[in-house]
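Welcome! Please take a look at the sequence and the structure below, and then let us walk through them together.

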Amino acid sequence: MSAISAEEIRREFLKSRIGLAGIGILLILVITSIVTVIIIPGDTFKQWNNPSYWISFPKTSAPVWVNLLTFEKIPEHQILDDPIVNSKKSGDISVVNHQFNVNFDYDDFPNDFIYEFTAKYSGSPLLQMSVIRPDGMELDLLSTSLPNSKTTIIHTERIFSTDASIKKNLFLQKEQFGFPIDKMSSEDVIFSNSQLHGVQKGNYIFLVNLYGVQTENEILDSRLIIGGKAFGIMGTDELRRDLAIGLLLGTPLALFIGLAVAIGSVVMGLLYGVYAGFKGKKTDETMMRLNDVIYALPALPFLIILAVTISNSIFMMVGFLMLFGWVGIAKVSRSMALQIKTKGYVEAAQMMGQKNSKIILKHIVPQLLPYAMASIAISVPAAITTEAGLSFLGLGDPTYPTWGQILHDANIYGAAPRGLWWWIAPPGVMIAITGLAFVFIGNALDSIVNPKLKKQ
Amino acid sequence: MGLKKFIGIRLITMFGVLMATLLLTIILVGSNMDIILKQGIGFQVRAEIVENPAIAKSFSSVAEFEAFVQDQIEQRTKAFGLDTPWYSPQRIGGTMYKILILDFGRATFLTSDSGSSDIRDILLEKLPRTILLFTTATLIISVIGIYLGALAGSKAGSKIDRFTSTFAVISSSFPVWWIGMIMIFLFAFVYQIFPARATPSIPPSDPGYIAALLYHMTLPLITLVLIGFGSWAFLVRNFMIGIMQEDFITAKKTMGISQKKIIYSHALKNAAPPILTILALSLSGSLGGAIITEAVFDWPGMGRLYFEAITVMDLPVIIGATYVLTVFFLISVFIADLLYGYFDPRVKTGQ
């Protein structure tokens, strides 16, 4: 084994096209991770499993760019929180009016609609909701009074399209439609043509009026959500979570898991192997027998048992993966240490009475560094896929949205048989791309460090 | 002589590993298992009393009744040997001995298809299915892999060689179970050719069960082959490239023996030892990897059993299945070692 200087490795590496491709992908992933950590508030991390955080997002909706590829435009999810506000007062009666303009230009009905508001009032004001459709028809949706209160209070409420009184109100206006509406959901009626059941495209105006008698009322916060079937760049999952955020958060996690496990196990294996090789004799024999035992343990069943019985926190998982990762590297570095041990300068250092630890760290380990670098790069993909596999089985850390975790949820909700491709494909592709980056770098390094492979 | 000693050492190591695995498993699940077993005894005693009202009537006070229940629970706990902690040497020794003679006990929740909760029955039912799927897959993979690898290796740098290498690197980057999900999406949702769930819906007693099982097996099998043959071909290619540069091949070429004959009879014969070793190893490796793949396809084998046992924390099943998986793993490692030893002249001559 000949020593290669760092400069030589760098020069050779820059010549390798695969290696550079790997570095390129890795750079993109690292930049993505940094951007993710900066732009996505740390809060979102903790909110991943909090259903109420995602409530205003749609369920299992496709990415919006799907509309660019198909003729039938599926409705996009619209969250409107900037209404036109008017308030009037005549005599005792005051009216606050919020107006939402919805441009609906799709070939399918929306999933639902939700009106969310926070009002500050006293007494028992009346809330009225109506819609003016593109064909000019005006439909009354709801008139309800807010809970009575003697003092001024702040009240938050969500009105869903499934609300029974909206249905009843629509049913009372059934003669405006040329088809029976009693079995249809509210949104299918509101967004339909009046004579034949089908989507009516155009501008809808949703009006919300809050009437108060002798009091001043205010709507502090007002939001209309038209539940669509398409949302965001990557779509959403069954729990309404934005998959783009999940995928982004998964990037730094995957890099952390992969690199931590790879570096940890290579360092452990290297020191173990070098020590055994350097000491030789009985020590070597015992250490290598232990190595054999761990080598022969079936890793996956054990990882599963460890995750179930001890802990499934992401940091413990990294530790468990290290426990099974160092064995092969220990074997190789031992045999390398055996060779280096016989070199003149090591024997000289020994004769001069240098401490063993110093000889190992100063003279042997540096020689193995190029090999260690290649091993680290090569071990990363296995670490990432194994963690993803464990998460996929539901043994991962549920608090962190790793790619495996996303795929686990996808599998639980039957995403594949239901055809929710945007939930399945991207996490797997990300796992593969990350793995490939390290495989490329590892192969390039390996062919420099291992002259035998260079010939091919 | 050398070979015998070699086998001896390997056998001893193997047994050591088996014991270590068993011990580790028991240590890891032992404390939980005790709690579950004790709860089970409590339930059992109370259930018996509910079934037989005469027992409850024979007591005059609640305290007396409670004392009787406690006494019953303690008696049974002792009978099962649960009064000593799980880490006492006798109990660990006892459990290990029982498992060694393949007495795995009874499952807490899971049963076999025929309804038996004897773990041995469950394992005997699931094991053949896993072997059926994964051994078939490995054999198909190795045939395609050897053929493609030999072809690619004999024409290093050609189109087919580059295709094989690229395919190997890319296919091994994707997790098998993810490809499985994609395959289910493609062939069970988009083109409805195969069922999404690999468990046949008809009972095993039905005469058409085997056919149904084979039909349900197709999708997982295609997936395993698709993802597996690339890396095989790549390995074989690398051996072949080394061998094709040897002098005896060049000599054969100058003698005018056809290229095809050189590749498939002379070169491949020399590449056989490492290939056989890898075959033995990958047969065992496929059993371990089955856990996730079977979970995806819902294939009713060992892997899914393991997965189910974990989800409901059926610890006796976990111990039994780990043991069987380890035994299979060790046997194939041993065979691989033997093959390696047989082909490696240094081991043979005892140097």
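The report below goes from domains and chain contact to cores, strands, a helix and some backbone angles.

## A predicted model and its domains

Please keep in mind that this is a predicted model. For chain A, the domain assignment gives domain 1, made of residues 6-48 + 241-455, and domain 2, made of residues 71-227. How far apart do the C-alpha centres of these domains of chain A lie? The C-alpha centres of domain 1 and domain 2 of chain A are 55 Å apart.

## Where the chains meet

Chain A and chain B touch each other through 33 residues from chain A and 38 residues from chain B. On the chain A side, the elements that each supply at least two residues are helix H8 (281-296), helix H9 (299-309), helix H13 (356-392), helix H14 (403-412), helix H15 (415-418) and helix H16 (421-449). H16(A) gives the largest share of that side, with nine residues.

What classes of residue does chain A bring to this contact? The side of chain A that touches chain B has 24 nonpolar residues, eight polar residues and one charged residue.

## The nonpolar cores

The largest nonpolar core has 167 residues, and those with the most contacts inside it are Ile424(A), Val236(B) and Ala321(B). Helix H7 of chain A, residues 243-279, provides the largest share of this core, 18 residues. Another core, of 25 residues, lies apart from it and includes Phe104(A), Leu170(A), Ile190(A) and Leu210(A).

Let us look around Ala321(B). Setting aside neighbours within four places in sequence, Ala321(B) is in contact with Leu123(B), Met302(B), Leu305(B), Tyr306(B) and Ala309(B). As general background, nonpolar side chains tend to be buried together in soluble globular proteins.

## Strands of chain A

Strand E5 of chain A (residues 126-132) has pairings with two strands that can be followed here. With strand E6 of chain A (residues 138-145), E5(A) runs antiparallel and is joined by seven bridges. Within this pairing, Ser130(A) stands opposite Asp140(A). The hairpin of E5(A) and E6(A) has five residues between the strands, and Gly136(A) takes a positive phi near 90° in this hairpin.

E5(A) also pairs with strand E8 of chain A (residues 202-213), again in the antiparallel sense and over seven bridges. Here Leu126(A) has Tyr211(A) in E8(A) as its bridge partner.

## A helix in the open

Helix H3 of chain B covers residues 62-79 and has 18 residues. From its first C-alpha to its last, H3(B) reaches 26 Å, close to the 26 Å expected at 1.5 Å a residue. Is H3(B) largely buried or largely in the open? H3(B) lies largely in the open, because the number of buried residues among its 18 is zero. Just after H3(B) comes Gly81(B), with a positive phi of about 75°.

Most residues other than glycine have a negative phi. Lys281(A), in helix H8 of chain A, has instead a positive phi near 50°. Lys281(A) counts as exposed because it has 7 C-beta neighbours inside 10 Å, and the cut-off for exposed is 12 or fewer.

Asp298(B) likewise has a positive phi, near 60°. Asp298(B) sits in the loop between helix H10 (259-297) and helix H11 (302-311) of chain B. With 16 other C-beta atoms within 10 Å, Asp298(B) is partly exposed.

Technical notes. Residues numbered from 1 in each chain as written. Chains lettered and ligands numbered in written order. Predicted model: local features only at pLDDT ≥ 70, side-chain atom pairs only at ≥ 80, totals over all residues. Contact = placed C-beta atoms within 7 Å. Helix = DSSP H or I, 4+ residues; strand = E, 2+ residues; numbered from the N terminus. Nonpolar A, V, L, I, M, F, W, Y, C, P; charged D, E, K, R; others polar. Domains from an automatic or database assignment. Buried ≥ 20, exposed ≤ 12 C-beta atoms within 10 Å, placed from the backbone. Core = buried A, V, L, I, M, F, W, Y, C linked by C-beta atoms within 7 Å. Expected span 1.5 Å × (residues − 1). Pairing = 2+ DSSP bridges.
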